[in-house]
Amino acid sequence: MPRAYLIVMDSVGAGGAPDAEGYFNGSVPDAGANTLGHIAEACAAGLAEEGRTGPLNMPNLGTLGLGEAVRLASGAGMPGFATDPAGLWGAATEVSRGKDTPSGHWELAGVPVPWDWHCFPNEIPAFPPEIMTEVARLAGTEGTLGNCHASGTEIIERLGDEHLRTGWPICYTSVDSVFQIAAHEERYGLDRLLTLCEALAALLHEMRVGRVIARPFVGSGDAFERTPNRRDFAIPPPAPTLCDWVARAGGMVHAIGKIGDIFSMQGIHDVARGTDAELMEHLVRLAGDAEDGSLTFANFVEFDSVYGHRRDVPGYARALEWFDAQLPRVLERLGRDDLILFAADHGNDPTWRGTDHTRERVPVIGHGLGRHAVGHVGFSDLAASIAAHLGVPAGGPGRSFL
């Protein structure tokens, strides 16, 4: 029996979203943003030489069709990328309103978001007083810190010492529909932070806030560092997703990374967590060991969380090249009837203004069907295609491109 693998390269967009003019970083629209295209341009121009050198080098995804996918999505030039793909390639356009993690992942799994998310204003304070009162009550503290829009690394640098002194949780948000709480794993306690976020999530989900995110960190002084123990407490999907379709048909569903959190474990049998390097080892293992008829659904988050939001072009390029260099270890363990699809949930162009996600089309790259150009597709079409490959009944609006 066939197996399927859906790999989300978090924020690895391809530009060209037709509605990007309506999405913003600050006051400037996202029209023209292109994560892959602009990274490739910067590398070719010698502007991303820290820890790497030369044009962007991704021979494995490039051979399958990554360069052509970006050209199709946005018309961008991709110097050094193959123009005669050997794999499945195309570009996917999102219909959900938003450029956030749940919207992209749910739609990739066959369920576009049927509502508008609640986002907090970019003001100080950002949150209503009743929410902050409830955070302090649940945390057992006299107050809270933050209460603003901020970068996660910047705010712990700015407020980490005060947090260590007071024990008050650091609360912040972004243009996405999120409420994030940062706390020191030792001073505040990891379990205590997770309990706080889980308890608060019920209130915020009623407001259509998509996620409450626990952001643990360690260190002191000028050496604070976030840990891999992040947890997302997300609103459950509003309808059965690809994970449910496969599980109901009797297939195992293995989650890698934050997939379990994003889907509130609906239809998911087990989760592997860790850094991206650790997650790659889990993917390699499951490429060989996953059961017949199973789905392995993975998210590699560090493109987004470590490099995209920090607008680190050479760092993002290094991460892309590292990821690509690992893929032969995965592909060589797949069976002849297996299908693996690579995509993204949104963009996060590190050359762009601001620090937020960018509204983009995403590349669709596949291995297992030979040369197969799928053209322009919708996010939900990936779910329908995987369901067709596995021979399970599908729901939602997607159509198979197989």
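The largest nonpolar core has 89 residues, and Leu61, Leu242, Phe323 and Leu382 touch the most other members. Here a core is a set of buried Ala, Val, Leu, Ile, Met, Phe, Trp, Tyr and Cys residues joined through side-chain atoms within 4.5 Å; buried means under 20% relative accessible area (1.4 Å probe, protein chains only). The model is predicted: local features need pLDDT of at least 70, side-chain atom pairs count only at pLDDT 80 or more, and totals for chains, interfaces and linings use all residues. Residues are numbered from 1 along each chain as its sequence is written, and side-chain values use heavy atoms, without hydrogens and water.

- Beyond its neighbours within four places in sequence, Leu382 is in contact (heavy atoms within 4.5 Å) with Leu6, Ala92, Leu108, Leu341, Ala343, Val364, Val377 and Phe401.
- A second, separate core of 23 residues includes Ala139, Ala183, Ala201 and Ala214.

**Largest pocket**
- A pocket is an open set of points on a 1 Å grid over the protein atoms alone, where a 1.4 Å probe fits, with protein on both sides within 12 Å along at least five of seven lines; lining residues have an atom within 4 Å of a point.
- The largest pocket holds about 580 Å³ of space, a volume filled by probe spheres set on the points.
- Its lining has 27 residues, with Thr227, Pro228, Val301, Glu302 and Ser305 nearest the centre.

**Second largest pocket**
- This pocket holds about 480 Å³ of space.
- Of its 24 lining residues, Phe24, Lys99, Cys119, Val175 and Asp176 lie nearest the centre.

Note on methods:
Buried means under 20% relative accessible area, exposed over 50%, partly exposed in between (1.4 Å probe, protein chains only).
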